Amino acid sequence: MKIDACFSPHLYPVYKADDTVVVIIDILRATSAICTAFEHGVEKIIPVATVEEAHEYKHKKYLVGAERNGLPVEGFDFGNSPFNYMGDHVKGKTIVLTTTNGTQAIEAAKDAYKVVIGSFLNIDALCSWLIKEDKNILLLCSGWKNKFNLEDAVFAGAVTDEISNRSDKFNLGDACLALKYLYQMAKENPNKFLTHSSHKERLSALNLKEDVRYCLTPNQTKVIPIYRDGALVKM
Ligand code: MLT
C-alpha cells in the first residue's frame, strides 16, 4: 500500500487512482470548519464549488456558508471560521458550503473510491481509520488557488509521520517522504513554524489569529466526515 500527497486540486488528475482513499486537507480553514461543524451536531454539509451554486441553495432557504479570500461573502449566513459552526444554530442542520480552495478540492476528487475530511482537529481518529481501512491513501492538499501552501503540507506530513510510526504496511511516495521531514521540523510548534506562511499572514491581517490557533489544535474531535451522494456526513 502507498501514501502519496498532491499539492493542489489542479494536479489531482495526475494522482487519481482506483481504490484510493482521498483525504481532503484545508487546514486554514475549510476542513477544520467542517470537522468542527460535525462535532457540534451538524447533520450534513453540501459542498459547492461556486458562489452562484451557493446562491441557488440560499434561495431555497438552506443555511449557507460562503468564503472567498478569507472573508465571508455578503448575503450568506456564515463565512468559514470554525467558530461559526459551533452552537445550537447548527445542531441537526444541513449546511451548504463554498470556500476559496477547500470545496474546490472536494469537487475535484468527488468521484474517488472514498473521500474523507482531515484536519488537526481529527488527526488521531483519521489516522487510526486510515490504517484499518487498508487502502492506498492520497493526501489532497487544497493549497491556495491551485498553488502549494505550507499549512496543508505540514498536516499531510503529520498524517504521514503518524501512520508510518504506527504501521509498516505503507510505502511513502517521494512527496510524503519530504512532508514527513517537513513535519519533523514543524511539530514542536506548528504555529511558530507557519509564522511567515501566506495564509496565516492573510488571516492574521484579518484579525483571525484565534482561528489559526484553533485550527492547529490536535484532537478536538473523533468525527471523520465522509463524502456520500453529494454531501458530507459523519462516518
Ligand atoms: C479555503 O477553502 O480557501 C479556506 O478555507 C480559506 C479560509 O477559510 O480562509
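I began with Arg 29, which lies in the loop between strand 2 (20–25) and helix 2 (30–39). I take helices (H or I, at least four residues) and strands (E, at least two) as DSSP runs, numbered from the N terminus. The model is predicted: I read local features only at pLDDT of at least 70 and side-chain atom pairs only at pLDDT 80 or more, while totals for chains, interfaces and linings use all residues. Residues are numbered from 1 along each chain as its sequence is written, and side-chain values use heavy atoms, with hydrogens and water left out.

I checked the peptide bond between Leu 28 and Arg 29 and found it cis, with omega about 5°. Most peptide bonds are trans.

I then looked across from Leu 28 to Gly 143: the two are 115 residues apart in sequence, and their C-alpha atoms are 9.5 Å apart in space. Gly 143 belongs to the loop between strand 8 and helix 6. Its relative accessible area is 2%, so I list Gly 143 as buried (under 20% relative accessible area; exposed is over 50%, partly exposed in between; 1.4 Å probe, protein chains only).

**Helix 2**

How many residues of helix 2 are buried? I count nine of its 10, so helix 2 is mostly covered. The buried ones are Ala 30, Thr 31, Ser 32, Ala 33, Ile 34, Cys 35, Thr 36, Ala 37 and Phe 38. Helix 2 is followed by Gly 41, where I read a positive phi near 95°.

Most residues other than glycine have a negative phi. I noted two residues that depart from this.

- Lys 61 has phi near 75°. I place Lys 61 in the loop between helix 3 (51–59) and strand 4 (63–68). With a relative accessible area of 75%, Lys 61 is exposed.
- Asn 146 has a positive phi of about 70°. I find Asn 146 in the loop between strand 8 (136–141) and helix 6 (150–166). Asn 146 is partly exposed because its relative accessibility is 38%.

**Ligand site**

Which residues come nearest to the ligand? Of the 13 around it, I list Asp 26, Asn 80, Thr 99, Asn 101 and His 199; a residue is near if one of its heavy atoms lies within 4 Å of the molecule. I sorted the shell into three nonpolar, seven polar and three charged residues. For this sorting Ala, Val, Leu, Ile, Met, Phe, Trp, Tyr, Cys and Pro count as nonpolar, Asp, Glu, Lys and Arg as charged, and the others, Gly among them, as polar.

- A polar side-chain atom of Asn 80 lies at 2.5 Å.
- An N or O atom in the side chain of His 199 lies at 2.7 Å.
- A polar backbone atom of Gly 102 lies at 2.8 Å.

Taken alone the ligand exposes 270 Å², and the protein buries 100% of that (Shrake-Rupley method, 1.4 Å probe).

**His 199**

I place His 199 in helix 9 (residues 198–205). His 199 is buried because its relative accessible area is 3%. The side chains of His 199 and Arg 202 are joined by a polar contact of 2.7 Å (a pair of N or O atoms within 3.5 Å; within protein, one must be able to donate a hydrogen and the other to accept it, and residues adjacent in sequence count only if both atoms are side-chain atoms).
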